[in-house]
Each structure stands twice: as structure tokens, then as C-alpha cells.
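Okay, thanks for coming, everyone.

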Amino acid sequence: MIFQGAMNALDPVYKIRYQIKEIFSTHKIKEDFDKVLQIFTDFGLDKSVLDKYPHELSGGMKQRVVIVMALLLEPEIIIADEPTTALDVLVQAQIINLLKKLKTEKSKSIVLISHDIALIADLVDKIGIMYAGEIVEINSTKEIISNPKHPYTRSLISSLPDLENNIIDIKPVGYKLDKNMEALDSNSCKYFLKCEYAMDICKIKPLDFTTGKNSFVKCWLFKDK
């Protein structure tokens, strides 16, 4: 697990070396700092980082240390929760390149949690769109970006700036904001009050309608598709 905000994931009163030792002792495995230093090298860190406190490291260095700590036990799946939060754009690019390296060279599976669609699209093969704590659409990255189906997904994609002028023909959603959204029946579609396509049937929670292999959209518009 790579937690959101590396500055909060590291203990401020212990040096990095101690915090890495803690991983070995907790999982009852032999300390292997040669392996640690090798991973450090892969991530552009040197051994001096081991004897520093978190506050002595930059945001990008702390985030890389957190990633190294997540990799020590050689997990098959890495869950990255907003891994670039509070980092400047240059450091964000470094972290994304590191994650790409893990995916391609180390054959790691990565579950990336983020609100940044542009960042996600650059890294993952499949995207799950969530609204109000519920997955409303799952599809390949290419389909989500070029042919979004759920009205909420459409509103997200249409809000992205396009520097290459490849305009996607998506009608922007006209929001009908309602401060009493919590008063809506819990069995209704959670996007009902904000959706310009809302119908009476949407007061019943939609099913998962299949849109392709291993993909679905939770919207009544696709009932007969």
C-alpha cells in the first residue's frame, strides 16, 4: 500500500533506517539492506537517505521512500492512493514514471486511486469511475476517455482541457443542484438529482448493464443496449 501523503505516512521521530527495520521485524524476515539499497538506486535515492529523518527529505524523496517500503516484501499488487498528492508537477512526473517502471519492468499490478483522470489515463489499462462511493462505470481506459457512457463519466471527460484540440462530442451535463440530495430515497440512482437524462425509472437503483467484455455501466439509459 502506498498511502496518500507520504509526509503523513512516515513517522517524524524516527530515521528512515529504523522505519525500514521495523518492516523486516514485523514480518519476521531477515534484514537485507543490500536489497534496500538496490531499490533505492532504482528510484534515484542514495544510502544517505537511510540516516535521515523524514523532515530532512523533500516531498518527492519521501514519496519514493514510501514506495520503496511498499516494495520490500515484493507484493504482486500495489495499491496507490493518490500517490502524487501535494507534489509539484515535476515530482509528480517522476513518481508516475516510477510507477510505470514497476508496471512494465517489474510486472507489478497497480490499483491507482485518484481524482486526476489525466494521470490515471497515462498509467492504467482499465478505469472504474466512482460516484458517491459507488462504481458507476468500468471500461478500458481507451473507451472511458473516447466513449464515456454514464452521464457522470461524460461530465468528467468533457471537463478535461484538450491541448490538441481533439474535441470529444459530448454534451456537457447541465447540473440541477439540490441541497436536499440526502432526502432522495436510498434505492434511487445517486446521480438522479444532477443528471439531465434522469427518468422516472431512475428512482429505482440501476443495475449493472454490460457494455462489453469485463465492462459495465450502472445507468438505465443502457438497459436495452
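So, how much space lies in the largest pocket? About 600 Å³. Keep in mind that this is a predicted model.

Let's stay with that pocket for a moment. It has 22 lining residues, and the ones closest to its centre are Leu112, Ile113, Ile120, Ile127 and Gly128. If you're tracing the secondary structure, strand 2 (109-113), helix 6 (117-121), strand 3 (126-131) and helix 8 (151-158) each put at least two residues into the lining. And what classes make up that lining? We get 14 nonpolar, 4 polar and 4 charged residues.

In soluble globular proteins, nonpolar side chains tend to be buried together. Here the largest nonpolar core has 58 residues, and Ile20 and Phe40 touch the most other members. Helix 4, residues 59-71, gives the most to this core, with 7 residues. If you zoom in on Ile20 and skip its neighbours within four places in sequence, you find it in contact with Phe33, Val36, Phe40, Leu50, Met69 and Leu72.

While we're around helix 4, have a look at Leu71, which sits in that helix. Is Leu71 buried or exposed? Buried, because its relative accessible area is 8% and the cut-off for buried is under 20%. Beyond four places in sequence, Leu71 is in contact with Phe43, Ile78 and Leu102.

Now for a charged one. Lys149 is in the loop between helix 7 (141-146) and helix 8, yet at 12% relative accessibility it counts as buried. What is Lys149 in contact with, leaving aside neighbours within four places in sequence? The list is Glu137, Asn139, Glu143, Arg154, Thr211, Val217 and Phe222.

Last stop, backbone angles. Most residues other than glycine have a negative phi. Glu74 is in the loop between helix 4 and strand 1 (77-81), while Glu82 is in the loop between strand 1 and helix 5 (89-104). And which way does each one fall on accessibility, buried or exposed? Glu74 counts as exposed, at 53%, whereas Glu82 counts as buried, at 11%.

That's my tour, so over to you for questions.

Technical notes:
Residues numbered from 1 in each chain as written. Predicted model: local features only at pLDDT ≥ 70, side-chain atom pairs only at ≥ 80, totals over all residues. Heavy atoms only, no water. Core = buried A, V, L, I, M, F, W, Y, C linked by side-chain atoms within 4.5 Å. Buried < 20%, exposed > 50% of the residue type's maximum accessible area, 1.4 Å probe, protein only. Helix = DSSP H or I, 4+ residues; strand = E, 2+ residues; numbered from the N terminus. Contact = heavy atoms within 4.5 Å. 1 Å grid on protein atoms, 1.4 Å probe; cavity = no way out; pocket = protein on both sides within 12 Å on 5 of 7 lines; lining within 4 Å. Points joined across faces, edges and corners; volume = space filled by probe spheres on them. Nonpolar A, V, L, I, M, F, W, Y, C, P; charged D, E, K, R; others polar.
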